[in-house]
Amino acid sequence: MGSFCEIQIFAESRIDAKKILSRLTEEVARLEKKYSRFRNDSFLTEINRSAGRKHGIEIDSETQSLLDHAKNCYETSDGLFDVTAATLSQIWDFKNAQIPTQAQIDAAQTTLGFHKISWSDSRLRLPPNMQIDFGGIVKEYAADSVARLARNLGVNNGLVNLGGDFSVIGAQPDNRPWSTGIIAPDRERDIMAKIDLLQGGLASSGDYERFFMHKGKRYSHIMNPFTGWPCAGLRAVSVAANLCTVAGSVATIAMLKDEIVAKQWLLDSGLPHVYMDSRQTVGGTGINANS
Amino acid sequence: MQLAAHATLKNSDSANIIALSSTALALPGIALADAPPTQSTASYKLSNYQEDDLSRSEVPSGELNRYDIDVHQFQLVAPMGRNMSVHVDANYESLSGASPWFTSVGLDGKPVVNLSGASGISDSRSELSVGTRYYLDNGSFAGNIGYSEENDYRAVYFGLNGERHYNDDLTTLAGGFSYSSDDIFPTDAALFNRVRDEDKRSSSVFVSLTQIINQVSSFQTALSFTEQSGFLSDPYKLRDVRPEDKTQIAWSNSYRRFFVAANAALHVNYRFYHDDFGINSHTSDVSWHQNLGRQFQIVPQLRYYSQSAADFFTNVDDFLNPLSEYQSSDYRLSAFGAISGGFSLIADMGSWKATLTAERYLANDKYSAYDISQPSTALVKYNRLSLGVDFSF
């Protein structure tokens with residue numbers, strides 16, 4: 001997945017644990033191979049290559065379900081969280097801090113819009129040049145899927161961590177919660193919050209590694225489909241929910257919203273969360289200050 | 001500043017979160033759907049079925065020992081990809097003993113039985129079947145094909161079935177179809193004037209409904225119809241003439257309840273059967289599945305069975321009857337009752353599981369719930385003992 005992944009489980013014997021772990025890592029590898037945007041042989045790449053094809057592409061039920069969830073995110077966020085905004089990321093060169101021309105942005109914006117895609121049952125049709133990116137959804141889904149699989153294999157205690165997206169298999173063997181540290185953006189050794197998890201999942205979104213400074217303003221790699229610019233609201237958000245997938249969607253939507261709106265949206269969600277805003281202030285609810 | 005949170009998750013009442021959860025919960029890796037096995041399982045079971053010898057008062061001369069059958073069953077179930085499983089079953093049976101050849105009237109005027117052949121019968125049966133099951137989000141469907149061979153019998157069969165869950169998986173509806181085409185070519189046909197080569201076909205359909213009542217109990221009811229046509233008689237009996245068509249219907253019900261305090265489950269089953277040979281039967285059985293710790297289980301079981309006679313059953317063969325008239329002295333077509341009891345011991349060691357089963361079966365016309373106008377000879381008593389081992393890897 002191109003990030004640090006860790007699965008901790010407790011099993012009756014080391015042999016059992018090894019067998020279960022290899023089955024769980026297989027599931028991570030399966031989803032990575034299927035939905036990675038950075039692999040030429042992934043199914044997602046194949047989907048993106050089908051853009052503009054009249055008859056579209058045949059998709060399986062798992063991909064349909066992911067698209068159902070993506071559509072739900074799109075509608076819930078009034079179009080802000082749009083998995084079809086991938087072409088925008090491609091024109092922004094974060095490495096060399098190059099701003100694309102307005103013409104490039106305009107061109108990219110014509111290719112996106114979740115409402116333009118259609119899928120009926122197993123056939124998906126993407127308009128020409130549209131690209132899909134399941135960022136904010138698929139890694140979180142993988143964490144939940146691995147946790148569920150572990151429970152099915154009889155594991156009662158464990159934690160899945162896929163690059164900062166956590167899904168709890170079950171509490172620690174002595175019933176203590178799992179303590180997850182949330183790293184502050186661009187201060188790698190600094191933990192901005194600790195969240196104890198007994199169940200469900202935790203997902204984070206932020207301008208951790210890739211961001212952009214422009215006229216003294218900081219922009220994350222998360223793209224606002226309406227402006228064509230990276231979003232400039234909160235710097236980082238972590239959300240806990242009954243599923244890591246839900247937490248990831250909420251965190252991504254919060255990142256896309258304007259700062260003040262985002263804080264209210266998080267509050268309204270009723271979910272425990274921690275954020276860092278543009279003034280480097282850490283806040284949130286459902287948590288206890290420990291400064 | 002550092003914050004520490006103890007995320008206590010209550011269900012969010014935010015409409016947005018409820019909406020987002022609805023599609024997340026439908027994702028296949030998360031949804032509580034049917035799942036194919038994630039491990040392979042290899043099983044082996046050895047069973048011995050031993051019928052009690054008949055007494056000299058029942059058999060005036062010749063062999064007294066009846067069937068003794070050893071059965072070896074192998075099964076391999078393996079996941080294939082994410083949504084499928086495959087299974088291979090291989091069975092081998094070896095059989096020896098003697099079976100009723102014809103019935104007649106003994107010196108005391110009571111019917112007696114004459115068993116086949118001085119040296120009895122010796123035969124073996126080999127069977128191979130392969131199948132696959134495909135798992136969907138809310139159910140599964142499966143198919144299998146198989147082949148079975150004895151030195152006087154050959155069967156080719158296939159089956160298709162599927163099930164679907166409704167009502168948050170509390171209700172399951174299942175259905176299926178199977179078909180078998182069998183060839184019968186008795187040994188020593190010329191010597192004993194038996195039929196040389198006959199065939200029969202069976203088609204069967206079933207539907208079943210399973211309802212989970214609450215956390216500890218469930219109920220299932222199922223209906224099946226089977227239509228057989230072709231040679232349905234016993235070619236080894238001196239006189240056995242049965243209709244060439246048979247329609248069977250069976251209605252099965254099962255109730256299961258787990259008792260938390262006892263750490264045990266009660267299974268109660270009842271089955272009614274009817275066919276147009278004229279046989280009605282009732283089977284009821286009850287078993288108690290007692291867990292002993294996490295690794296052991298003991299299951300005592302008791303069953304009662306009773307059936308009425310086929311319309312053309314006779315306890316003394318009438319060789320003066322024309323061949324066009326149906327008649328059979330097969331004890332399985334007589335009115336009788338049977339009581340059987342037994343137990344299973346199960347040891348579950350994680351990747352190993354062993355099951356030992358012992359059963360005693362006693363058929364007797366006195367146990368019948370139906371009137372007996374013609375008590376049959378040679379009703380069966382048997383012991384069955386089996387030992388099975390499953391290995392998951």
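Which residues does Val160(A) touch, not counting residues up to four places away in sequence? Val160(A) touches Ile7(A), Ala143(A), Val146(A), Ala147(A), Phe166(A), Ser167(A) and Ile169(A); two residues are in contact if their C-beta atoms, placed from the backbone, lie within 7 Å.

The model is predicted: local features need pLDDT of at least 70, side-chain atom pairs count only at pLDDT 80 or more, and totals for chains, interfaces and linings use all residues. Residues are numbered from 1 along each chain as its sequence is written, while chains are lettered from A and ligands numbered from 1 in the order in which they are written.

**View 1. The two chains.** Chain A contains eight helices and 15 strands, and chain B two helices and 19 strands. Helices (H or I, at least four residues) and strands (E, at least two) are DSSP runs, numbered from the N terminus. Of the 291 residues of chain A, 47% are buried; in chain B, buried residues make up 16% of 393. A residue is buried if 20 or more other C-beta atoms lie within 10 Å of its own, exposed if 12 or fewer, and partly exposed in between, with C-beta atoms placed from the backbone. Among contacts in chain A between residues at least 6 apart in sequence, 60% join residues at least 24 apart. For chain B, residues 24 or more positions apart account for 57% of the contacts with a separation of 6 or more.

**View 2. The largest nonpolar core.** This core has 88 residues, of which Val146(A), Ala150(A), Val160(A), Val239(A), Ala247(A), Val250(A) and Ala254(A) touch the most other members. Helix H7 (residues 244–256) of chain A gives the most to it, with nine residues. A second, separate core of 19 residues includes Leu54(B), Val113(B), Leu333(B) and Ala335(B). A nonpolar core is a set of buried Ala, Val, Leu, Ile, Met, Phe, Trp, Tyr and Cys residues joined through C-beta atoms within 7 Å. In soluble globular proteins, nonpolar side chains tend to be buried together.

**View 3. The seven-stranded sheet of chain A.** The open sheet has the strand order E1-E5-E6-E9-E12-E13-E14 (chain A), with antiparallel pairing. Its edge strands, E1 (5–10) and E14 (282–285) of chain A, each pair on one side only. Neighbouring strands are turned by 10° against each other on average, direction ignored. Two strands pair if DSSP finds at least two bridges between them. E1(A) and E5 (residues 157–162) of chain A are joined in the antiparallel sense by six bridges, and Cys5(A) stands opposite Leu162(A) in E5(A).

**View 4. Helices H1 and H7 on the sheet.** Helix H1 (residues 14–35) of chain A packs on the sheet and touches E1 and E5 of chain A, its direction making about 145° with that of E1(A). H7(A) lies across E6 (165–170), E9 (201–206) and E12 (236–241) of chain A, at about 25° to E9(A). Axes are lines fitted to C-alpha atoms, for helices over the stretch in contact, and angles run from 0 to 180 degrees between N-to-C directions.

**View 5. Helix H6 of chain A.** Of the 15 residues of H6(A), 13 are buried, so the helix is largely enclosed by the rest of the structure. At 1.5 Å a residue, H6 (residues 138–152) of chain A should span 21 Å, which agrees with the 20 Å between its end C-alpha atoms; the expected span is 1.5 Å times one less than the number of residues. Just after H6(A), Gly154(A) takes a positive phi of about 95°.

**View 6. The E5–E6 hairpin of chain B.** Strands E5 (residues 100–105) and E6 (residues 111–115) of chain B pair in the antiparallel sense over five bridges. Pro100(B) stands opposite Leu115(B) in E6(B). Five residues lie between the strands of this hairpin, where Gly109(B) has a positive phi near 85°. Gly106(B) is 8.8 Å from Ser57(B), C-alpha to C-alpha, at a sequence separation of 49 residues. Ser57(B) lies in the loop between E2 (41–51) and E3 (68–80) of chain B and counts as exposed, with 10 C-beta neighbours inside 10 Å.

**View 7. Two asparagines with positive phi.** Asn175(A), in the loop between E6 and E7 (178–184) of chain A, has a positive phi of about 70° although it is not a glycine. With 9 C-beta neighbours inside 10 Å, Asn175(A) counts as exposed. Asn263(B), in the loop between E13 (245–259) and E14 (264–275) of chain B, has a positive phi near 55°. Asn263(B) is partly exposed, with 14 other C-beta atoms within 10 Å.
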